[in-house]
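Work through the exercises below with the sequence and the model side by side, and try each task before reading its solution.

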Amino acid sequence: MTVGLPHYLVLAAMLFAAGIITVLTRRHAIGILMGIELMLNAANLNLVAFNRFSAVGKLDGQVFALFVIVIAAAEAAVALAIFLNFYNNFATVDVDQGNELKG
Amino acid sequence: MPTLLTLLLLVVALPLCGFAILLALGKRLGDPLGGYVGTGFSFAGFAAAVAAMAAWISSSYGFGYGVGPLVRSFAWLPIGEHAGQRVPGFLDFTIYVDSFTVVMLAMVTLISAVVHLYSLRYLRGDARTPIYFGRLSLFGFSMTGLLLSGTLLQLLVFWELVGLCSYLLIGYWNERRDARMAATKAFLTNRVGDVGFIIGLCLLVSFVGNTTLPDLWVMLSPTHQTAMSNGLLTLIGCLLFCGAIGKSAQFPLHTWLPDAMAGPTPVSALIHAATMVAAGVFLLIRIDPILTADARLFVVVIGAITIAIGSLCAIAQRDLKQALAFSTMAQLGYMVLGVGVGSRDGAGFHLLTHAFFKALLFLAAGVVIYGMHHKSRLEHYGGLFRRMPVTAIAFAIGALAMSATPYFSGYYSKELIVAHAAAWSQLAADSGRSGLWSLALWVPVIGAYLTPFYLTRLWMLTFTGRPRDLEAFEEAHEPGMLSFPLVVLSGLAVVSGFDWFPVRSMVDSSAVETRAQVSALTGPASPVNPLEHDWPSRVHLSMPDVETDTAPTSTEAGDDRVEAGAAQAAHLTHWAWLAGIIAGVVIYARGFALTERLARLSVLSAPREWLRHRMYFDDLYRWVFVGAARLAGRLIDRLDRRVIDGLIDRLALAYAALGRVTASADDLIVDGVVRGVSSGVLTSGLGVGQTQGGRVRVYVASAVLMLALTVIGTVAWAVLR
C-alpha cells in the first residue's frame, strides 16, 4: 500500500482536530498554546503534502511551512508575554478567570 | 305733547334711576344718605307726576282731559300675522295714558314719596337701609310702569316686577323666619294666580295675536266681538281675573295678605294702598270692556266672598296690622265686586280714595308700633291717645273715611259701588232670578256695617281705656317726622272724594276718553259702539242672559233703575257708619272686659276662634296643598329611591361587571402581549448575553462551530447542486 495524499490529509485533519479539542478543553493557557501549535503543525503538514503531490519540483509548500514555524515561534513569544501579564493580573493562568470582557 | 310724554316717562324713569344709584352706590352711601337719595328721587317722581297731571288737564291736542287717551304704539315682538294687529306680524309695545292713568300715577308717586319719607325715620339706624330704599324705588318704578302699560303683555312684565318687589320688601327683615315665610308665601300664592293670567294671555295671543288694550276693547267687546266664541271669551276673562285674584288678595288666594304684615309697616302701607294690591284692581279695570256677563258673575261672586271673609276676620284679629290687612281685603272685595256689577268708575274711584285712607291707617298703625317698640298686638295697647294725639286723630280720620262717613272720601266711592250693586240685584230680581243674586247687594251692605265696627274696635282698644302694657306705655312717643306724613294723608283722606278734587272727575273723564278712543277706532259708521253705554245699561250688560223685554231699551228706564238702586243703597247704608261706631264704642268701652265675658258663652267663643284663625283657610291650605305637595314629594321620593335608583344601581352594577371583564381582558391580552414581548426580549437578551460570557474557549468553540457549519454547508451545497 502506497501512502498517498489522502493519508496525509487524514493525519493532518486528525492532528488539527486534536489541536482544536485541546484548545477547547484546556483551561490552562499553556495547554491552549500547545493546542494551537498542534493546529499549526497540522496546517504545515497539509502544506508540505500538497506541495509533494500537486506542485512537483517546486518548494513553495516547504517555504510556507518554514514561515509558519517562524511565525509560530514569534506567536509563542507574544502569547507567553500575554500569559505573564495575565498571571500578574489574576494570579493564575486559567483562561476562564479572564472573563472581564463579558457583556 | 312732547313735554307730556317726557314727563310721563320721567315719572317712570326717576324711581328707576334711584334704584340704579342705590344698587350701585348703596353700600358707599350708607344708612341715612342712601335713604335721602331714594326719597329725593321719589319726590322728584311725584313732582313729575303732578306736572304731568297739570299738562294733561290743560292739554289742547287730540288727547287729554275729557278728550281722548294718549296712545303710542311701537312694533315689539314678531309673532306672525293675525287679524287686528296694529303693525302686521308684531305684538305692540304701547303706552296708553288716560285720565285714570294720570291720576293713578299721581297717587302712586305721592304714596311712594310719603312712604319713603316715613321710612327714613321708621328704619333709622338699620344698616341695610340703602337696600330697603333701593327696593322701594324699584317698587315705584314697577308700579308706574304698570300704569303706563298699554298692552297686557307689558302689564304682565311689570306685574311680575311688582310681585318680585313685594317679595323682597315683605322679606326685608330676612333674619326673621316669619318674614321669610311670608315673603315666600306671597310670592307663591301670586304665582298661582299668575298661571291663570298667563294662560289667558296665551289664549289671547293665539286667537287675536294682539294684546293692545284699546284694540282688544273694540275687537272683544261682548256686544259685537266675532273673534271667538262667547264661552272662550268668558274663559279668557276669568283667567285674566285669576291674576287679579292673586295680586289683589281675593278669595281663594287671599291668605298671603295677612302674613305679609311681617314686612316693615311702611311697606305694608305701600303694598296695601298704592302698589301690589292696586295692580290687580287696575288690571280688572283695564280688561273691564272685554269681560262677558258670565265672567262678571264670577267676578261678583269672588268679590262678595272676599268682602265677607275680610270683614268678618277683621273683627276678631288680635294684631293691629292683621286687622288692617283684612280690612284691605274687604275693600278690595268692594272694588272687584264693583267692576263685576258694572261700576268700573266706582271701582277706580274707590281704589284711589282707599289708597289715601289705607296708607293713612297703616302709617298711623306704624307710629303706634314704632312707639310701642314693635309690639303690634292689641293686648299691649290701650290709652295711647294721651301719648300719641296726632296719630290717634289721624287714625280716626282714616277710619271715618273708610267707614264711609258722609263728607269723607270713602263715602262717595263706596256709595257708587253699592248703588250699582243695588241696581244689579234689582235687575236680577226683575228678570226673575232667585234671591241668592241679591247677595251681591246684601254682602256689601253688611260689610258696610262691619267696617266701622272693626275700625272702632281697633281705635278704642289702641287709644282709649287703661294702658295694658304699662312698661311700653311709659316709653311710648310719636316722632314728629312720622307724624308729618299722617297730616298730609289725613287731608287727602277727607278731600279726595269731593267733586272739586281731581280724583272723581279724572275717573269720570277716563270713561269719556275711553269712549272717544273706541269711537275713533271703530269709526263713525260702526253700528254698535260697545262702550257707548252709560252706566245704567252697563249694569244691564253685566247681567247674564237677561231677557230682551226686560232690557232697558231706553236709557230712562235704566236711569230709573239705577236711581232707585242709588236711593236704596243710600237708604241702607247711610247710617251704617254711625251704627258701627256706636256698637264698637259700646262693646269696647272698657277694653277687652265685655268681650272676654261674652267669649265665655260657647255660642260666641267658637266663631271667635274660627275668625281669629282666619276661618282656618291657612290650615286648610296647609293640610290640602302643602300636605298634597308633601305627599307627592314622598311618593316621588319613593319612586326615585325604589325605581329610578334601583334601575341606576343595577345599571351601575352591570357596568362594574363589564368593567371587571374589560379589566381582565386588558390585563390578559393587551398587557399580556406587552409583557410577553418584554419578557421575551429579556429572556432572549439574557440567553444571548450568556454567550457573551467573556470566556475565550466559548468564543473559540463558536468560531469553530461556525466554521464547521460553513464548511459543511458549502460542501453540501456543492454536492447537492
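Predicted model: local features only at pLDDT ≥ 70, side-chain atom pairs only at ≥ 80, totals over all residues.

Residues are numbered from 1 along each chain as its sequence is written, chains are lettered from A and ligands numbered from 1 in the order in which they are written, and side-chain values use heavy atoms, with hydrogens and water left out.

**Exercise 1.** Describe the overall form of chain B.

Solution. Begin with the secondary structure, where chain B has 26 helices and 2 strands (DSSP runs, H or I of at least four residues for helices and E of at least two for strands, numbered from the N terminus). Next, take the box along the principal axes, which for the C-alpha atoms of chain B is roughly 150 × 75 × 55 Å. Finally, compare the radius of gyration, which is 38 Å for chain B, whereas a compact globule of 721 residues would have one near 27 Å (taken over C-alpha atoms, with a globule rule of 2.2 Å times the number of residues to the power 0.38).

**Exercise 2.** Determine how the axes of H10(B) and H12(B) are arranged, and which residues make the contact.

Solution. The axes of helix H10 (residues 276–287) and helix H12 (residues 320–340) of chain B come within 10 Å and cross at roughly 5 degrees (lines fitted to C-alpha atoms over the stretch in contact, with angles from 0 to 180 degrees between N-to-C directions). H10(B) is therefore roughly parallel to H12(B), a term for angles under 35 degrees. The contact (heavy atoms within 4.5 Å) is made by Val277(B), Val281(B), Leu284(B) and Ile285(B) on H10(B), and by Thr328(B), Leu332(B), Met335(B), Val336(B) and Val339(B) on H12(B).

**Exercise 3.** Determine the crossing angle of H7(B) and H11(B).

Solution. The axes of helix H7 (residues 230–247) and helix H11 (residues 293–316) of chain B come within 8 Å, crossing at roughly 30 degrees. These two helices, H7(B) and H11(B), are therefore roughly parallel to each other.

**Exercise 4.** Is His354(B) buried or exposed, and what does His354(B) contact?

Solution. First locate His354(B), which lies in helix H13 (residues 344–371) of chain B. His354(B) counts as buried because its relative accessibility is 1% (buried means under 20% relative accessible area, exposed over 50% and partly exposed in between, with a 1.4 Å probe and protein chains only). Leaving aside neighbours within four places in sequence, His354(B) is in contact with His272(B), Thr328(B), Gln331(B), Met335(B) and Ala359(B).

Methods. Parallel < 35°, antiparallel > 145°, perpendicular 65-115°, else oblique.
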